[in-house]
Amino acid sequence: MVVCYAPPRDASNRTAGVSSVVPDQGNLHHRGRSEPSMTQGPLSAADIRRLFAELASELDASGQRAEIFLVGGSAIALCFDSRRATRDLDAVFAPTDSVRRAAANVAEREGLDPDWLNDAVKGFLPGPDPNALRYFDAPGLLVDVASAEYLLAMKLFSSRVETDAEDIALLYREVGFHTVDEGIALVERSIREDRSRQECNSCSRR
């Protein structure tokens with residue numbers, strides 16, 4: 001797994017990931033507080049990293065150690081396009097309740113939307129990502145970001161090509177793809193791997 005710190009393209013070292021927090025899906029889907037210290041609006045890569053530091057402090061203070069796997073626009077902003085900004089963070093995380101409580105405390109302090117960190121995407125993930133990028137590691141919190149190939153598979157499978165055209169072009173460059181056939185092959189491989197996981201899970205439950 002590549003370590004991804006800003007600037008994104010300086011990623012180098014390999015390390016273990018947090019793919020264990022990605023739920024094993026049955027099927028792939030189409031698809032009165034203090035004054036806030038953050039400027040309202042989309043979150044930049046610098047904003048997100050600062051929020052992770054605050055989240056880590058919250059978790060560590062309560063004796064918790066959490067893992068987050070980040071996807072979507074925030075993943076692209078952190079590791080593939082530093083000019084990108086996002087209004088929320090799509091992720092899966094564990095332990096779920098601990099992360100939600102800590103995120104709520106950060107939201108109240110920073111004047112953020114309560115769902116600034118959410119796991120609504122958990123039903124749309126094509127299983128674990130063996131090539132996830134290590135982005136943040138501190139007492140209380142470990143954050144991995146989906147690889148370019150994983151994000152591209154999600155974008156292509158969602159069939160929102162017009163809406164996601166820019167992201168798809170960016171991710172195509174990141175993974176070194178040049179043809180439509182390469183994208184189709186990636187989606188087909190993701191589907192096959194998902195079916196294999198389902199079969200393995202079915203056998204293990206017998």
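Helices (H or I, at least four residues) and strands (E, at least two) are DSSP runs, numbered from the N terminus. The model is predicted: local features need pLDDT of at least 70, side-chain atom pairs count only at pLDDT 80 or more, and totals for chains, interfaces and linings use all residues. Residues are numbered from 1 along each chain as its sequence is written, and side-chain values use heavy atoms, with hydrogens and water left out.

**View 1. Overall architecture of the protein chain.** The secondary structure comprises 6 helices and 5 strands, arranged along the sequence as α-β-α-β-α-β-β-β-α-α-α. Of the 206 residues, 46% count as buried (under 20% relative accessible area, with exposed over 50% and partly exposed in between; 1.4 Å probe, protein chains only). The accessible surface amounts to about 10,700 Å², and carbon and sulfur atoms contribute 48% of this area; such areas come from the Shrake-Rupley method with a 1.4 Å probe.

**View 2. Crossing of helices α1 and α2.** The axes of α1 (residues 45-61) and α2 (residues 72-79) come within 9 Å and cross at roughly 105°. Axes are lines fitted to C-alpha atoms, for helices over the stretch in contact, and angles run from 0 to 180 degrees between N-to-C directions. The two helices are therefore roughly perpendicular to each other (65 to 115 degrees). Residues A45, I48 and F52 of α1 meet S74, A77 and L78 of α2, contact meaning heavy atoms within 4.5 Å. By class, this contact has 5 nonpolar, 1 polar and no charged residues (Ala, Val, Leu, Ile, Met, Phe, Trp, Tyr, Cys and Pro count as nonpolar, Asp, Glu, Lys and Arg as charged, and the others, Gly among them, as polar).

View 3. The 5 strands take the order β3-β2-β1-β5-β4, with mixed pairing; two strands pair if DSSP finds at least two bridges between them. β3 (117-118) and β4 (133-138) stand at the edges, each with a single partner strand, so one side of each lacks a neighbour in the sheet. Helix α3 (residues 96-110) packs on the sheet and touches β1, β2 and β3, its direction making about 135° with that of β2. Strands β1 (residues 66-71) and β2 (residues 89-94) pair in the antiparallel sense over 5 bridges; the bridge partner of L70 in β2 is A91.

View 4. A94 and P95 are joined by a cis peptide bond, with omega about -5°. P95 lies in the loop between β2 and α3.

**View 5. Helix α5 and its end.** Within α5 (residues 165-175), the buried residues are D167, I168, L170, L171 and Y172. G176 follows α5 and has a positive phi, near 85°.

Conventions
Angles under 35 degrees count as roughly parallel, over 145 as roughly antiparallel, 65 to 115 as roughly perpendicular and the rest as oblique.
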